[in-house]
Amino acid sequence: MKVLVTVKEVATVEDDFEISGTEIEETYLDYDLNEWDDYAVEEGVQLAEAGDDVEVVAVTIGPERSEETIRMALAKGADRAVRVWDDAIDDVELLDVETKAELLAAVVEDEDPDVVLSGVQANDDSFGATGVALAETLGFEWAAVVNALDTEKVLDEGVASVRRELEGGVEELTDVELPAVLAIQTGINEPRYASLRGIRQAQSKEIDVQSLDDLALGADDVASDLDVTAMYEPETESDAQYLEGDAGEQASALAEVLREKGVVGE
Amino acid sequence: MSDVLVVADHRRGDLRDVSFELLTAGRELADAADGDLHAAVVSGNVEEFAEELNREGVDQVHTVDYGEEFNHDVYTQAVVALAEELDPEFVVTPNSVNGLDYAPAVATRLGRPYVSDATGLDYADGTLEVTREMYGSKVETTVDVAEGPFVVTTRGGEWPPVEGSGDAEISAFDVDVDEDAVRSTVKGFEEVGGGDVDIGEADFLVSIGRGIEEEENLALVEELVDATGATLSSSRPIVDNGWLPKNRQVGQSGKQVTPDVYLAIGISGAVQHVAGMKGADTIIAVNNDPNAPIFDIADYGVVGDLFDVVPALIEEFGGEPPSV
Ligand SMILES: Cc1cc2nc3c(=O)[nH]c(=O)nc-3n(C[C@H](O)[C@H](O)[C@H](O)COP(=O)(O)OP(=O)(O)OC[C@H]3O[C@@H](n4cnc5c(N)ncnc54)[C@H](O)[C@@H]3O)c2cc1C
């Protein structure tokens with residue numbers, strides 16, 4: 001069985017930052033593996049550990065810098081990594097969902113996996129759509145916001161028995177035929193830390209870089225429908241009363257508020 | 001004329017609140033585009049739902065009577081068929097968990113651009129301008145989507161629900177559901193998160209988020225809870241990490257709480273968290289990032305390091321801060 005995991009390197013923003021035009025200035029950005037994808041990688045590796053002959057392939061769309069992130073997936077147990085990039089992609093400011101789905105679909109078609117795991121959303125652009133759009137592009141079945149997966153059933157019966165986490169503490173139990181894309185929610189497992197040995201081994205693994213040409217796609221396929229026209233810090237609607245001073249002074253002011261509200265006794 | 005088609009959300013016999021907010025967003029778009037507002041409801045007791053959706057500003061309600069509960073394969077087929085029939089400029093669904101599970105497929109099948117989690121929508125001269133957040137609500141962006149027709153999902157709580165009743169035409173829409181293409185089966189539902197305490201009942205919640213960093217540091221908040229007689233709750237990552245049980249989680253996928261005081265410590269105020277606690281009478285936030293979105297909804301703000309503020313607060317109430 002083959003499991004493909006889509007991973008994304010996301011930019012995280014420091015507490016203080018500046019925007020120039022429609023971008024946050026590079027100096028205020030850090031890069032990390034998308035939180036949701038970390039759980040997807042773990043789920044893939046757990047499938048490999050539970051089954052015989054399960055290969056886990058990590059795929060990302062990203063510039064060279066993102067190899068650091070995809071190596072984290074390798075260090076945690078993915079067998080191989082594919083990175084899709086091209087100058088034509090570099091030119092696009094904000095990739096739309098359709099484009100991401102097209103690019104990933106081209107890799108999936110080459111790899112022919114039984115299961116694709118993606119994160120529910122990426123915490124930078126938070127579209128929350130790539131997994132389902134990818135499934136539809138491929139004609140695969142899918143499930144979004146998956147917080148439990150019956151590993152044995154996937155391996156033995158070719159059915160993904162999942163729980164989907166709905167709002168308000170309700171879970172939906174659903175069976176999904178394979179091949180399928182499952183968009184993984186945080187909390188489904190406990191993502192492992194990469195071991196030192198894993199990190200060392202990941203360093204020496206080759207990352208298969210695929211251009212548009214390699215994927216039989218053209219620049220037209222990555223033309224985005226989206227155009228970011230403004231980026232700004234949201235105007236604070238806060239009418240909060242700030243408690244000033246050092247920590248001690250803040251704490252006494254806070255204690256007073258709590259007493260006033262009557263939730264703590266004298 | 002550019003029409004709008006909105007698709008209602010329901011679960012276990014009830015329309016969800018977002019469905020009525022969606023009608024407001026949809027009406028605004030329909031006005032901007034000089035078109036009609038169509039509402040659709042798929043599965044369940046569609047006749048009853050249609051009556052409820054017949055509110056002010058709705059021109060037509062379409063019912064698809066197929067199955068009881070949400071099934072994304074059925075929804076995708078039904079909404080695509082409706083969109084092909086009505087040819088609306090906009091298909092709009094809530095950015096709910098079920099929205100996440102079928103709206104991208106609808107957009108893909110229709111070959112339309114897709115924008116999710118809109119907090120604002122503007123339409124003029126054929127261009128849709130969507131306001132949305134990025135980087136965990138740290139920045140807001142406007143995104144232009146050229147060349148409709150469009151598929152959009154809207155964030156809950158951003159539009160007021162439509163109230164007044166309307167005089168929409170209600171009609172049944174027959175979808176020839178292709179059973180072979182239904183390859184997922186919903187087996188049932190389960191409530192999770194019961195257990196020792198019901199944080200929904202508490203008057204005073206001390207809620208901890210990822211700012212606590214390590215499981216060992218929880219001792220600090222636990223001492224605060226002891227010293228103040230509060231009830232302990234948390235944001236999602238604390239539960240994901242297994243540091244607290246699920247019944248302590250506040251938020252969209254956790255519990256809705258309405259305490260007199262909600263003291264949020266080291267919680268950024270992500271939309272899915274806020275969905276569970278904005279009903280608190282008084283919200284107090286302790287966070288070392290003065291720009292954290294939680295301060296937007298807080299009544300009192302403490303900008304500071306929780307590892308300094310919380311020990312001092314414990315002492316205020318005669319407790320002894322543990323060393324963490
Ligand atoms: C479908 C879906 C459903 C979800 N459901 C929920 C839900 O029900 N509940 C929920 O909470 N989340 C939910 N989430 C997750 C949500 O998007 C956020 O990831 C989560 O709420 C973030 O939790 P947090 O605020 O504790 O962590 P973060 O966002 O990481 O924030 C930590 C905060 O702590 C502050 N901080 C750090 N160190 C200190 C210090 N020393 N002193 C003071 N402050 C400090 C930081 O400035 C930051 O603001 C859901 C997500 C999805 C996609």
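The residues of the shell around the ligand, in this predicted model, divide into seven nonpolar, 17 polar and four charged. In this classification Ala, Val, Leu, Ile, Met, Phe, Trp, Tyr, Cys and Pro count as nonpolar, Asp, Glu, Lys and Arg as charged, and the others, Gly among them, as polar. The shell comprises 28 residues, of which the closest to the ligand are Arg210(B), Ser235(B), Ser253(B), Ser268(B) and Gln272(B); a residue is near a molecule if one of its heavy atoms lies within 4 Å of it. Because residues from chains A and B surround the ligand, the site is shared between chains.

Polar contacts to the ligand, that is, pairs of N or O atoms within 3.5 Å, involve both side chains and backbone in chain B. An N or O atom in the side chain of Ser235(B) is 2.5 Å from an oxygen atom of the ligand, and a polar side-chain atom of Gln272(B) lies 2.7 Å from an oxygen atom of the ligand. A polar backbone atom of Asn288(B) is 3.2 Å from a ligand nitrogen atom. The ligand exposes 980 Å² when taken alone, and the protein buries 88% of that, with accessible areas computed by the Shrake-Rupley method with a 1.4 Å probe. In chain B, α6 (236-240), α7 (271-277) and α9 (306-316) are the elements that give two or more residues to the shell; helices (H or I, at least four residues) and strands (E, at least two) are DSSP runs, numbered from the N terminus.

The contact between the chains, defined by heavy atoms within 4.5 Å, takes 82 residues from chain B and 81 residues from chain A. The two chains bury about 7,200 Å² between them, 54% of it on carbon and sulfur atoms; buried area is the accessible area (1.4 Å probe) that two parts lose on being put together, summed over both. On the chain B side, Tyr135(B), Arg183(B) and Tyr300(B) lose the most area to chain A, together 10% of what that side buries.

Between chain B and chain A, eleven salt bridges are counted, each being a side-chain nitrogen of Lys or Arg within 4 Å of a carboxyl oxygen of Asp or Glu. In one of them, Arg163(A) pairs with Glu190(B), the closest N and O atoms being 3.1 Å apart. By class, the side of chain B that touches chain A has 31 nonpolar, 24 polar and 27 charged residues.

Over all chains, the structure holds 35 salt bridges. One of these joins the side chains of Lys8(A) and Asp124(A) (3.1 Å, N to O). Lys8(A) lies in the loop between β1 (2-6) and β2 (9-13) of chain A and Asp124(A) in the loop between β8 (115-119) and α5 (130-138) of chain A, so this pair ties together parts that are 116 residues apart in sequence.

Backbone geometry was also examined. Most residues other than glycine have a negative phi, and most peptide bonds are trans. A cis peptide bond, with omega about 0°, joins Leu178(A) and Pro179(A); Pro179(A) is placed in the loop between β11 (170-177) and β12 (180-184) of chain A. Gly148(B) and Pro149(B) are likewise joined by a cis peptide bond, with omega about 0°, and Pro149(B) is found in the loop between β10 (139-145) and β11 (150-154) of chain B. Glu147(B), although not a glycine, has a positive phi of about 60°.

Residues are numbered from 1 along each chain as its sequence is written, with chains lettered from A and ligands numbered from 1 in the order in which they are written. Local features need pLDDT of at least 70, side-chain atom pairs count only at pLDDT 80 or more, totals for chains, interfaces and linings use all residues, and side-chain values use heavy atoms, with hydrogens and water left out.

Note on methods:
A polar contact is a pair of N or O atoms within 3.5 Å; within protein, one must be able to donate a hydrogen and the other to accept it, and residues adjacent in sequence count only if both atoms are side-chain atoms.
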